[in-house]
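Dear colleague,

Please find the structure below for your review.

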Amino acid sequence: MITYTRGGSVGSWSFVASRGDNQSLAELGFIVVVIEGTSNPLRSKSYHDMSYGDMSENTLPDQIAGIRQLSKQYPIDTNKVGIWGHSGGGFATAAAMFRYPDFFKVGISESGNHDNRNYEDDWGERYDGLVSNSDYAAHANETYAKNLKGKLMLAHGLMDNNVPPYNTMLVVEALEKANKDYDLVVFPNSQHGYGPYSPYMMRRRWDYFVKNLLGVEPPHEYVLKSKTDPRNVVK
């Protein structure tokens, strides 16, 4: 069971099965859900006010409640739940692993803005208010890294000009101080997205979930090939 998270997870309200690698993960044998939690885009101000000043909650209680409800109707093993996301979804993924460690067992956090004191002011202030009026330290993921119980992979591009890579390093340092094991993938010349290394990140994502949720050893260094890749053309 895997849930994908980011701000406004669903995107459009039309059905697009392949969005965000979800179809591929489903074909690997996972049940994949994307849940639009409270306070997401296209809602009223009163709806947003419910979580104003508490961005670290990140709709995670909604994700948990939704999965538990779905498990009553579908064959979902709630003891094997994984989560992944990029950017704000990377922040939410680490928060899920640290704040709800008994529920989320495997997480992949990509390019997360883990401490919004070290990110754009127009992002944190939009959802948490001014630093003088909100406890930003209480929303920073490194504050709770010591709670990790499951398997966590962190990833970041070292040339990221959106979310500075030291956001992930703050979490790395906190995990090491707490003597917690973790996995780290870095892209030395990548910005916020991983560009030509995106297939590598996708393969690492597949392998991580297959190994740690399904309990199966994935093919070693499997090569992903696109339809236009000359290696995939029959001559």
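A residue is called buried here under 20% relative accessible area, exposed over 50% and partly exposed in between, with a 1.4 Å probe and protein chains only. Helices (H or I, at least four residues) and strands (E, at least two) are DSSP runs, numbered from the N terminus. The model is predicted: local features need pLDDT of at least 70, side-chain atom pairs count only at pLDDT 80 or more, and totals for chains, interfaces and linings use all residues. Residues are numbered from 1 along each chain as its sequence is written, and side-chain values use heavy atoms, with hydrogens and water left out.

Strand β5 (residues 151-157) has six of its seven residues buried, so the rest of the structure largely encloses it. Strands count as paired if DSSP finds at least two bridges between them. β5 runs parallel to strand β4 (residues 104-110), with five bridges joining the two; Leu154 in β5 is the bridge partner of Ser109. Five bridges also join β5 to strand β6 (residues 183-187), again in parallel, and Leu154 stands opposite Leu184 there. The chain crosses from β5 to β6 through helix α6 (residues 166-177) in a right-handed β-α-β crossover. Right-handed means that, with the strands pointing away from the viewer, the path from the first strand over the helix to the second runs clockwise. β4, helix α5 (residues 121-128) and β5 likewise make a right-handed β-α-β unit.

Asn116 is located in the loop between β4 and α5 and is buried, at 7% relative accessible area. Its side chain makes a polar contact of 2.8 Å with that of Asn113 (a pair of N or O atoms within 3.5 Å; within protein, one must be able to donate a hydrogen and the other to accept it, and residues adjacent in sequence count only if both atoms are side-chain atoms).

Rings of Phe, Tyr and Trp (its six-membered ring) pair if their centres lie within 6.5 Å; planes under 30 degrees apart count as stacked, over 60 as edge-to-face and the rest as tilted. The whole structure holds six aromatic pairs. Tyr119 and Trp123 form an edge-to-face pair, because their planes stand at 65°, with the centres 6.5 Å apart. Tyr119 is buried at 14%, whereas Trp123 is partly exposed at 24%. Phe187 and Tyr197 form a tilted pair, 6.0 Å centre to centre with 40° between the planes. Phe187 is buried, with 3% relative accessibility, and Tyr197 is partly exposed, with 43%.

Yours sincerely
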